[in-house]
Amino acid sequence: MNYTKDLIEKFIHKTARIGVLGLGYVGLPLAVVFAQAGFEVTGIDPIEEKIKKLQQGKSYVLDVPDETIQILTASGKLKATSDFSVLKELDAVSICVPTPLRKTGDPDLSYILSVADSLKEYVHPGMAIVLESTTYPGTTREMILTKLTDGTNLKIGEDLFLAFSPERVDPGRADYTTINTPKVIGGITPACLEVTSCWYGQALQKVVPVSSAEVAEMAKLLENTFRMINIGLVNEMAMMCDRLGVDVWEVIDAASTKPFGFMKFQPGPGLGGHCIPIDPLYLSWKLKTLNYSTRFINLASEINTGMPRYTVSKIQDALNQHKKPINGSKVLVLGVSYKPDIDDLRESPALDIIHLLHEKGAQVQYHDPFIPSINHDEIRMQSVADLDKAVKEADCVVIVTNHSLYDYPKLLQDAKLIFDARNAIGALGKDNPKVVKL
Ligand code: SAJ
């Protein structure tokens, strides 16, 4: 049997039975895109609650409307299950599971290993598998290929087709979504690339084939390491400008007028999210095993993780200017999600800032329309119900995440003192003694 030809036929005629393993902010939109392209898709996730919601026609992912789920499940194009045995009936499976860090800062590949074990049970000749989870170069070959083929007669590139394709989902973004963001794909063999890029090419607007899984794995890490290091650079610029008595925000705006050779990043109170602070550490971990120290990554990570403490020291200075010790002062933190207008708290610098403020004896409240409560380590808080009252009563309002729905002119009017870590007040607060910027 020529499985290469057989699978390509099935992809072109949309008769291939597709699976997406892991139905989070990456997997669910991907399952929807395959289903909308005409494939029959089975979404697989061990969390029953997600499956129930999808079966009730409800989405739990910001970028996927309920209506889309209802249309696709009604048409039979999209099913959801937590039963992994369906894998044995599928022709092609995308793996979209988390790759977080352990507390030690080392990569946590437990999710990948667990799905690889499940796949091992059900993998069969004529199957295509694409790993999408961000990981260090070599993972697809060392962890997935080895596990799926060891002790079997499966021949890679003949019976089994394996590739890596990095996810490029930016939750909440409307201009670039799963379907129109170019998709890099690197196969273990040329036939793996041919089969998997044919598959993805049936649903996505642009597939970018590369020569190996390692190139695809490394491309993703370059993308996010580039961001993390440049954010670290502007964070250090903020500290330099503070020493120089120069407004870093004005400096960046001026530099951004350069129409080429410059890309704008902004300082902030720290680096949150499940990608940017984490992905580069997968790379530094891998290089450490090869006796190479990733100095840029280590330095940028040190600067970025130091920003919450630097921010709290600036808040303390601002209160001091107003003859108020931080100890006992009422501090209201505005915005705690890791970036504006989303409901994701993962790795948010707001958590470190709240912890440090507590440590210094401040009476801390927070408000965030997207995050009704915080239940993280020793922090147990509710978003304040009456924002106006809280602003007026606070000795200092700290803008940590600049959600677009805040009324910044009103905030400027009502607050006694504002520490603006995002330059959200901007020109409105120019020369206003009650506005202090990062
Ligand atoms: N941040 C800064 N200064 C900046 C940009 C970001 O402090 O100039 C902070 C944010 O406040 C946030 C963190 O960095 O706490 C991460 O912000 P982000 O804009 O990078 O948002 P993410 O984490 O959602 O990054 C995603 C990434 N997408 C994927 O990994 C698929 C990233 O590659 C995208 O470039 C990014 O979205 C994007 O462009 O929005």
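This is a predicted model: local features need pLDDT of at least 70, side-chain atom pairs count only at pLDDT 80 or more; totals for chains, interfaces and linings use all residues.
User: What is the order of the strands in the eight-stranded sheet?
Analyst: The order is E3-E2-E1-E4-E5-E6-E7-E8, in an open sheet with mixed pairing. Helices (H or I, at least four residues) and strands (E, at least two) are DSSP runs, numbered from the N terminus. Two strands pair if DSSP finds at least two bridges between them.

User: Which strands stand at the edges?
Analyst: Strand E3 (78-81) and strand E8 (207-210) do; each has a single partner strand, so one side of each is left without a neighbour in the sheet. On average, neighbouring strands of this sheet are turned by 25 degrees against each other, direction ignored. Angles run from 0 to 180 degrees between N-to-C directions, and axes are lines fitted to C-alpha atoms, for helices over the stretch in contact.

User: How many bridges join E7 to E8?
Analyst: Strand E7 (residues 183-187) is joined to E8 by four bridges, and the two run parallel. Val-184 has Val-208 in E8 as its bridge partner.

User: Which helix packs on that sheet, and what does it touch?
Analyst: Helix H5 (residues 110-122) packs on the sheet and touches strand E1 (17-21), strand E4 (92-95) and strand E5 (127-131). The direction of H5 makes about 180 degrees with that of E5. Contact here means heavy atoms within 4.5 Å.

User: And H6, which of its residues are buried?
Analyst: In helix H6 (residues 139-149), the buried residues are Thr-139, Thr-140, Met-143, Ile-144, Leu-145, Leu-148 and Thr-149. Buried means under 20% relative accessible area, exposed over 50%, and partly exposed in between (1.4 Å probe, protein chains only). These buried residues pack against E4, H5, E5, strand E6 (160-164) and H8. Just after H6, Gly-151 takes a positive phi of about 75 degrees.

User: Let us turn to helix pairs. How do H2 and H4 cross?
Analyst: The axes of helix H2 (residues 27-36) and helix H4 (residues 66-74) come within 11 Å and cross at roughly 45 degrees. They are therefore oblique to each other; angles under 35 degrees count as roughly parallel, over 145 as roughly antiparallel, 65 to 115 as roughly perpendicular and the rest as oblique.

User: Which residues meet there?
Analyst: Leu-28, Val-32, Ala-35 and Gln-36 of H2 meet Thr-68, Ile-69 and Leu-72 of H4. The residues of this contact divide into five nonpolar, two polar and no charged. Ala, Val, Leu, Ile, Met, Phe, Trp, Tyr, Cys and Pro count as nonpolar, Asp, Glu, Lys and Arg as charged, and the others, Gly among them, as polar.

User: What about H8 and H10, at what angle do they pack?
Analyst: Helix H8 (residues 213-244) and helix H10 (residues 279-289) pack at about 115 degrees, with their axes 8 Å apart. From H8, Met-218, Lys-220, Leu-221, Asn-224, Thr-225 and Met-228 meet Asp-279, Pro-280 and Leu-283 in H10. This contact divides into five nonpolar, two polar and two charged residues.

User: What is the strand order in the five-stranded sheet?
Analyst: This open sheet has the order E10-E9-E13-E14-E15, with parallel pairing. Strand E10 (363-367) and strand E15 (435-437) are the edge strands, and each pairs on one side only. Neighbouring strands are turned by 20 degrees against each other on average, direction ignored.

User: How is E13 placed, covered on which faces?
Analyst: Both faces of strand E13 (residues 396-399) are covered: Cys-396 and Val-398 on one side and Val-397 and Ile-399 on the other are all buried. E13 pairs in the parallel sense with E9 over four bridges, and with strand E14 (residues 418-420) over three bridges. Val-398 is the bridge partner of Val-333 and stands opposite Phe-419 in E14.

User: Last topic: where is His-358 found, and what does His-358 touch?
Analyst: His-358 is found in helix H12 (residues 349-359) and is partly exposed, with a relative accessible area of 34%. Not counting residues up to four places away in sequence, His-358 touches Val-364 and Met-381.

How values were computed
Residues are numbered from 1 along each chain as its sequence is written. Side-chain values use heavy atoms; hydrogens and water are left out.
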